[in-house]
Number of protein chains: 4
Amino acid sequence: MSTFGTLFRVTTYGESHCASVGAIIDGCPPGLPLDSQDVQTQLSRRRPGQSNLTTPRDEKDLVHLQSGIEHGITLGTPIGLLVKNEDQRPRDYSETDLYPRPSHADWTYLEKYGVKASSGGGRSSARETIGRVAAGAIAEKYLKLTHGIEIVAFVSSVGKVKLPSTVSSPSQASSEDDDIVEDSLSPEFVNLLKTVTRAQVDAHLTRCPHPETAERMTKRIIRAKEAQDSIGGTVTCVIRGVPSGLGEPVFDKLEAKLGHAMLSIPATKGFEIGSGFRGTEVPGSKHNDPFVSKADGSLGTSTNWSGGIQGGISNGEDIYFRVGFKSPATISQAQETVQYDGTSGTLAARGRHDPCVVPRAVPIVEAMASLVIIDQLLIQNARKTASSLLPTITTLPPTMVKPASSA
Amino acid sequence: MSTFGTLFRVTTYGESHCASVGAIIDGCPPGLPLDSQDVQTQLSRRRPGQSNLTTPRDEKDLVHLQSGIEHGITLGTPIGLLVKNEDQRPRDYSETDLYPRPSHADWTYLEKYGVKASSGGGRSSARETIGRVAAGAIAEKYLKLTHGIEIVAFVSSVGKVKLPSTVSSPSQASSEDDDIVEDSLSPEFVNLLKTVTRAQVDAHLTRCPHPETAERMTKRIIRAKEAQDSIGGTVTCVIRGVPSGLGEPVFDKLEAKLGHAMLSIPATKGFEIGSGFRGTEVPGSKHNDPFVSKADGSLGTSTNWSGGIQGGISNGEDIYFRVGFKSPATISQAQETVQYDGTSGTLAARGRHDPCVVPRAVPIVEAMASLVIIDQLLIQNARKTASSLLPTITTLPPTMVKPASSA
Amino acid sequence: MSTFGTLFRVTTYGESHCASVGAIIDGCPPGLPLDSQDVQTQLSRRRPGQSNLTTPRDEKDLVHLQSGIEHGITLGTPIGLLVKNEDQRPRDYSETDLYPRPSHADWTYLEKYGVKASSGGGRSSARETIGRVAAGAIAEKYLKLTHGIEIVAFVSSVGKVKLPSTVSSPSQASSEDDDIVEDSLSPEFVNLLKTVTRAQVDAHLTRCPHPETAERMTKRIIRAKEAQDSIGGTVTCVIRGVPSGLGEPVFDKLEAKLGHAMLSIPATKGFEIGSGFRGTEVPGSKHNDPFVSKADGSLGTSTNWSGGIQGGISNGEDIYFRVGFKSPATISQAQETVQYDGTSGTLAARGRHDPCVVPRAVPIVEAMASLVIIDQLLIQNARKTASSLLPTITTLPPTMVKPASSA
Amino acid sequence: MSTFGTLFRVTTYGESHCASVGAIIDGCPPGLPLDSQDVQTQLSRRRPGQSNLTTPRDEKDLVHLQSGIEHGITLGTPIGLLVKNEDQRPRDYSETDLYPRPSHADWTYLEKYGVKASSGGGRSSARETIGRVAAGAIAEKYLKLTHGIEIVAFVSSVGKVKLPSTVSSPSQASSEDDDIVEDSLSPEFVNLLKTVTRAQVDAHLTRCPHPETAERMTKRIIRAKEAQDSIGGTVTCVIRGVPSGLGEPVFDKLEAKLGHAMLSIPATKGFEIGSGFRGTEVPGSKHNDPFVSKADGSLGTSTNWSGGIQGGISNGEDIYFRVGFKSPATISQAQETVQYDGTSGTLAARGRHDPCVVPRAVPIVEAMASLVIIDQLLIQNARKTASSLLPTITTLPPTMVKPASSA
């Protein structure tokens, strides 16, 4: 449904042509300094009309905070917010309304609800993501301020144009089935994950922080646009500074919650954490991340194939994952398909459309990541505080208990 | 936490060396014929000791149903069930307990809870999945009996040995950035998805229904075993016969729930639905699934890049997805790592371990798929029944309303 | 938190002096005819300024529907709505702000959140209930239209002035402990429960449908007002036409959900269903409701001490319950108390206040009742539809199975 | 359904004649010393056969802990537990099975589920409460150990035999509507709430800690038993030592959660907190609890009409509430009623039954109270820890911020 989260919850409403889209954020920690600008910054990164790579509509998307804040401080009560829709009228009937758009949500919404919005796929509209981004901006302000957590997403591929990330080392393969080529992350990409900033990401319109690849991505998108076609891509996201211990096995493992969150974003087709699908091909002896002793005496790992999560629980290393977005379904070129009533015909979609959504998806991925992390942090806080009040355990073998000094 | 589902819910308990592992299944439709054998069949497919490809322990894993059933019929009340652990004693201390196993959950469990089970990663044990498989067996019995829904998972890769699935057709590429090679599913693989049965899957110990590939997989696993190493793989799952309309946008889209479910299974690193990451590289004009009129007058699609889900809602086509499992963390060969206290050393794991988990993961993937589908089916049933009682809508343009005859 | 419901959910936001108060209603059945007036009617019954018995502020409380509806039909997607606050500025500092108001939420909000709204008790403001009433109006429109369910609440007492409801029949008591006086509902009150309408309730400003008692209630309220004091009361609510089978044992029994809903309304101190606390004094032989055969062949009960619920599940008889509201905490007369810093002093509350809230509580009680019933109806619909698809049960003794004809 | 709680959750299973009844407790703070005896103590207080006042079956009700504990310490993972049913066979058919027992759950279970257990009302069996009591015992061990919280319930009435609790002081009444008699709690009862122990409660078989009243209650129960009848009563519960700040407005206020919990116990008909329904008759000037400065510098209240909760949030004073239990529906004397098929007749119930359930309800009320308090404590812990990491607020007027020293 339209609520996400357990202790930090966002509930959203709104579709393309209604009065407004908005959200209620419940469970925000009280005492957080917050104003509209904190939210607007990410909303503006999400909105259309930022360049000729995205849809030319130039919506303002100004956020109006309604409640839960006084004198710039959150009260701990629900934060209501909304963004007005510029065009609030239900759409006029059009010849193209006879057709459900292929691979769009027109038909499935009608199947599910029996009615559908005049605008087509109803809540499948990209405007639905405004509430997510607004809520995420609030969450990440808290995470940054209290834990120094940094969440940075970037475009890692557009079609087959990919930001280079791995190096291959042929192993001592000898037969057909022995073709082991171990793909490690390249030192450059490891460094990128450790240091990349939003400013670097925004330096190029495609939001790829690798200038040479960004140029090639731009060309790929323009080519799709010129062909009245579309192209997909992937967004990679890194979360730095997450404390160890987040994630609630067995069903709410941290990667399961992140996967759920990402796969709820429109147009997503895949999610992988850490080594991901590539990791299925690397033997355990290589894939395992050896522990090392860190400067502060705590443990870390020397490699990070795990992507910062082991057993569904964060281990303090950087969390990174990749999300795949399909090529947008709405294209201007003619498509052979059938009408709702089964009549064959040709649909040529009206209007202007994003030939590629991944640049605009970057703040949405960041927002959903923020929402997962803050919720898991609050839940783990509850447990940790509760346990800290119990007497010291003296009856367990020492290897079964975390030393108090490392609490 | 340890509960999954909204209307059809499973809650599980148990780790490696406690008295038993078990589950409570709440919300099962009353009136379903059910006995132990329905559950045991899938449990036996999951248990270790089935072949020399898996761990040699030969646990019986006999299920004991406790409640919610009389005379072989479900009462609608919670079904309690348990499977006894053969070795119920907390483990003895061992030298290797000084080390958190690399990429295992020993350390993160200790970080999260402050204490951990003597067996190491506690609930990260594979025995935790028994409750899932039992619950899934109940769900799938209902789905099969009432809707003819078939859920079949199989091993699609072990390391780099892959069941062939795509054909590539070079397009009219002309420049470096134009290297479009469109990867479609091969007719053979499309046919496999449409017809594959559990009997075919189980015909080979690797649970790959493509004999030639299965042979190569076997060799790959044996090679890992001989090297005291491990290897990962992927499981593909197809769900046939799902009615249109399942999935609860915007946060509980069907692929988001499936992704959540799959990524909660131990050792998973990735999830992709339909065309998945491959789909990010295919232009919209090709990736879109055109609608066609089916024999019964309803709409279907001629291709299925979407994987049976559009806008987060099932469209009646086959749902298929792929799950990536990393190479098992527990290996017998020596690993350089550090102890809990930071001391460097060498860990050589005790015991015997699965060199590859994907064959045993097959029924677990099927179980989690069943749990998602039945829960979403119940939720959509609630809506559909509720709407069916409302008066016929006469005030909306015809393209906004589903014709009553197609209800 | 601020979300209520499982399949039909309302989430609210807003306090006294923020920009607006509002709600998101998620899970409304699609296809329901709905416009602002449906919601406004109940909001207007709730708003202050309706008479000299309530607070003299005359707020407009006009609802603005934002989403989820087109051409007067619900789409099944979330319905956003809001009501603007007339005075949106945080309040100025006042001498009385040094004092937490006795029995108000000023102090506990500060203890809980560490910060509080300038208006005092934040979300404990009566304006918080606007979102509930709006959501309830939508729910009850559905219930009325599809099931003919009628929900009518009325004021049953103000202070010690009580709408007469019982008759006592002394039993053959013989000793001190044998003082059994069996209090049955009077035929007049039973008839009132069966027939009372909102028009009858609204015919008197106190919302008591018993004119003579209503007069006495008015006097009691005026006396409290003149004494710069306040007085409490009770609201009785009847729900007619609820189908049998609603309620989800064991934790979500229908009375438990109703109790939860009612006790979440500001100023409530008690809840009783059917015979309630009175029923604890009546022997089982009298308290039991004998079954009778109804005209349509189904079973009913000849008495209704149960209040329409047995074993946590509705039995098709009228559901009735009573909710106790304490005397409002905010009074104008001086009170000896202490400041936040512990300094003793005298607080004389500023402003004008309701001397008695029960007349305005009537639509709030109705709203919360609607929200419980629709949610439970949807959940039971899911189960019933699911079960109806299963094969006829032939293996159970006949008394364990509901005959198909009575489905 | 059969799960209760958000962060500390219990899920139960089992009915009268299945293999066992049991529960899974999820979210228990790790590091808690716990063994079977902690649970058994409360289970034994709940079990039948304790005296000739209750049902003569003498079930052992021995608990078997399955998981989540090693070496007597909780691991933070789910705790599975079960109690075997002595008679595990589905019941034989009996003449009385033709009749749904009046005011029992036989008929509503059949209406809801379409099938029912041979034992009649399925989960409405008192054995269902075993899982609650076991879970509550774990919760209260934590609450006692870490916060010194004491939860004591006792029987406050049986039929019309009541533990004396109030004193009345006639006010300056002058007319019919002025009949104000202010009922305050008597000093003796206030003292009882402050000091009563479980040992005092258990000193008499009726579990009423007022010996003279306990004697009269015994006689009343025996009289009901001799008449083959039954009688109801009330249980009062006090929770001492709860920190301020618990409860989650607006829908999950502390009294709403307590009410939900109590009204989910079989046979309950009413719940009131603090002054309850009596408080509706007391003017605000008297009902308000003035604040006073406590020895430790914090604020308290000089009276406690509120019952320890204001605005849905605990204020640090004792929480007390009262729960009404109807007279048991199952009685041995003949009742005129109809069969499932509508045939009139006379039902004389088989077997032996509790003539009065309130003595055995005492530990169940305590258990549900424990479950509510620990869950709310964990949730508030999460918020408080989160807020404590934020910078000191300098931009709010001082009366809007809790001084850091009082944190």
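Two residues are in contact if their C-beta atoms, placed from the backbone, lie within 7 Å. With that in mind, welcome to a set of close-up views of a predicted model.

**Figure 1. Where chain A meets chain B.** Here 111 residues of chain A are in contact with 111 residues of chain B. Helix H2 of chain A, residues 106-113, gives the largest share of the side of chain A that touches chain B, namely six residues. By residue kind, that side of chain A divides into 41 nonpolar, 46 polar and 24 charged residues.

**Figure 2. How chains A and B are related.** A rotation of 180°, with 0.0 Å of shift along its axis, superposes chain A on chain B with an RMSD of 0.0 Å. The two copies are therefore related as by a two-fold rotation axis. Look for His260(A) in this view: of the C-alpha atoms in chain A, that of His260(A) is nearest the axis, 2.4 Å from it. The same surface serves both copies, and 100% of the contact residues of chain A recur in chain B.

**Figure 3. Where chain D meets chain B.** In this view, 39 residues of chain D are in contact with 39 residues of chain B. On the side of chain D that touches chain B, the elements giving two or more residues are strand E2 (9-13), strand E3 (20-26) and strand E7 (79-84) of chain D. The residues of that side are 14 nonpolar, 19 polar and six charged. Chain D is superposed on chain B by a rotation of 180° with 0.0 Å of shift along its axis, at an RMSD of 0.0 Å. Here too the same surface serves both copies: 100% of the contact residues of chain D recur in chain B.

**Figure 4. Chain A on its own.** Take a moment to get to know one chain: chain A has nine helices and 20 strands. Its radius of gyration is 23 Å, close to the 22 Å that the globule rule gives for 407 residues, so chain A is as compact as a globular protein of that length. The C-alpha trace of chain A spans about 75 × 65 × 40 Å along its principal axes. Buried residues make up 66% of the 407 residues in chain A. Among contacts in chain A with a separation of 6 or more, 69% join residues 24 or more positions apart.

Figure 5. Helix H3 of chain A, residues 129-147, has 19 residues and reaches 26 Å from its first C-alpha to its last, close to the 27 Å expected at 1.5 Å a residue. H3(A) is mostly covered, with 15 of its 19 residues buried. Just after H3(A) comes Gly148(A), which takes a positive phi of about 65°. Helix H9 of chain A, residues 358-388, has 31 residues and reaches 44 Å from its first C-alpha to its last, close to the 45 Å expected at 1.5 Å a residue. H9(A) is mostly covered as well, as 29 of its 31 residues are buried.

**Figure 6. A look into the nonpolar core.** The largest nonpolar core holds 441 residues, and Val365(A), Val365(B), Val365(C) and Val365(D) touch the most other members. Leaving out residues up to four places away in sequence, Val365(C) touches Ala153(C), Val235(C), Cys237(C), Met262(C), Ile265(C) and Val323(C). In soluble globular proteins, nonpolar side chains tend to be buried together.

**Figure 7. A cis peptide bond in chains B and C.** In chain B, the peptide bond from Pro249(B) to Val250(B) is cis, with omega near 5°. Val250(B) sits in the loop between strand E12 (233-240) and helix H7 (254-263) of chain B. Turning to chain C, the peptide bond from Pro249(C) to Val250(C) is cis, with omega near 5°. Val250(C) belongs to the loop between strand E12 (233-240) and helix H7 (254-263) of chain C.

Figure 8. Arg207(A) is not a glycine, yet its phi is positive, near 60°. You will find Arg207(A) in the loop between helix H5 (198-202) and helix H6 (211-226) of chain A. Arg207(A) is buried because 26 other C-beta atoms lie within 10 Å. His71(D), also not a glycine, has a positive phi of about 50°. The loop between strand E5 (69-70) and strand E6 (73-74) of chain D holds His71(D). His71(D) has 15 C-beta neighbours inside 10 Å, so it counts as partly exposed.

Key. Residues are numbered from 1 along each chain as its sequence is written. Chains are lettered from A and ligands numbered from 1 in the order in which they are written. This is a predicted model: local features need pLDDT of at least 70, side-chain atom pairs count only at pLDDT 80 or more; totals for chains, interfaces and linings use all residues. Helices (H or I, at least four residues) and strands (E, at least two) are DSSP runs, numbered from the N terminus. The radius of gyration is taken over C-alpha atoms; the globule rule is 2.2 Å times the number of residues to the power 0.38. A residue is buried if 20 or more other C-beta atoms lie within 10 Å of its own, exposed if 12 or fewer, and partly exposed in between; C-beta atoms are placed from the backbone. Ala, Val, Leu, Ile, Met, Phe, Trp, Tyr, Cys and Pro count as nonpolar, Asp, Glu, Lys and Arg as charged, and the others, Gly among them, as polar. A nonpolar core is a set of buried Ala, Val, Leu, Ile, Met, Phe, Trp, Tyr and Cys residues joined through C-beta atoms within 7 Å. Copies are superposed by least squares on the C-alpha atoms of residues with pLDDT of at least 70 in both. The expected span of a helix is 1.5 Å times one less than its number of residues.
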